Amino acid sequence: MTLPPWLSIAAAETGVRTFAPGASNPRITEYHAHTNIRGYDDKASWCSSFVNWALAQAGIQGTGSALARSWLAWGEPLSEPVPGCIVVLSREDPGGWKGHVGFFLRADAQLIHLLGGNQLEQVREHFYPLSSVLGYRWPARNTP
């Protein structure tokens, strides 16, 4: 399978990170410009802003929302993940509003590995419990 273009765009951002208190990374502010929190600094949660930005660079409109769970209503659902698909995770309460979103890289029996923004305060690969997955999504016009 050919990797989707937004995955290499996202990977090129690896290392972009939140600045220390009193400063803000302008690149993260640029990510927010693709969401409903345009103009916010890097202290606001930015995982969804990063996914929106990466997709926009590939010419695909995202949710326009800074909420990670907004991706559950976007694109087409996938029953199984494919490289580069959008993975929506629960955070704290599976029934609550908090979440996390990133691009699928791989999974094993217990963990899912994502490339995403605001993962330990930077763009990087990180892993999460497979049990926290709420859904896998793919752009509607680019179904794998």
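Because the model is predicted, local features are reported only where pLDDT is at least 70 and side-chain atom pairs only at pLDDT 80 or more, whereas totals for chains, interfaces and linings use all residues. Residues are numbered from 1 along each chain as its sequence is written, and side-chain values use heavy atoms, with hydrogens and water left out.

The secondary structure of the chain comprises 3 helices and 6 strands, where helices (H or I, at least four residues) and strands (E, at least two) are DSSP runs numbered from the N terminus. Along the sequence these elements follow the pattern α-α-α-β-β-β-β-β-β. The radius of gyration, taken over C-alpha atoms, is 14 Å, close to the 15 Å that the globule rule (2.2 Å times the number of residues to the power 0.38) gives for 144 residues, so the chain is as compact as a globular protein of that length. Along the principal axes, the C-alpha atoms fill a box of roughly 40 × 35 × 25 Å. Of the 144 residues, 46% count as buried, a class that means under 20% relative accessible area, with exposed set at over 50% and partly exposed in between (1.4 Å probe, protein chains only). Among the contacts with a separation of 6 or more, 49% come from residues 24 or more positions apart, a contact being heavy atoms within 4.5 Å.

Helix α3 (47-57) has 9 of its 11 residues buried, so the helix is largely enclosed by the rest of the structure. These buried residues are C47, S48, S49, F50, V51, N52, W53, A54 and L55, and what covers them includes the helices α1 (5-11) and α2 together with the strands β2 (86-90), β3, β4 and β5 (122-129). After α3 comes G59, whose phi is positive, near 80°.

Two of the buried residues of α3, F50 and W53, also take part in aromatic pairs, which are defined for rings of Phe, Tyr and Trp (its six-membered ring) with centres within 6.5 Å, planes under 30 degrees apart counting as stacked, over 60 as edge-to-face and the rest as tilted. By this rule the count comes to 7 aromatic pairs. In one of them, the rings of Y31 and W53 have centres 5.1 Å apart and planes at 55°, so the pair is tilted. This pair links distant parts of the chain, with Y31 in helix α2 (residues 26-32) and W53 in helix α3, 22 residues apart. Y31 is buried, with a relative accessible area of 0%, and W53 likewise counts as buried at 3%. The rings of F50 and F103 have centres 6.5 Å apart and planes at 70°, so this pair is edge-to-face. Here too distant parts of the chain are linked, F50 lying in helix α3 and F103 in strand β3, 53 residues apart. Relative accessibility is 0% for F50, which counts as buried, and also 0% for F103, which counts as buried. Ring pairs join Y31, W46, F50, W53 and F103 into a cluster.

Rolling a probe the size of a water molecule over the atoms shows where empty space is left. A pocket is an open set of points on a 1 Å grid over the protein atoms alone, where a 1.4 Å probe fits, with protein on both sides within 12 Å along at least five of seven lines, and its lining residues have an atom within 4 Å of a point. The largest pocket has a volume of about 290 Å³, the volume being the space filled by probe spheres set on the points, which are joined across faces, edges and corners. Its lining consists of 16 residues, of which S45, C47, R91, G99 and N118 lie nearest the centre of the pocket. Helix α3 and the strands β3 (99-107) and β4 (111-119) each supply at least two residues of this lining. By class, the lining has 8 nonpolar, 6 polar and 2 charged residues, with Ala, Val, Leu, Ile, Met, Phe, Trp, Tyr, Cys and Pro counted as nonpolar, Asp, Glu, Lys and Arg as charged, and the others, Gly among them, as polar.

Most residues other than glycine have a negative phi. L120, although not a glycine, has a positive phi of about 55°, and E121 has a positive phi near 65°.
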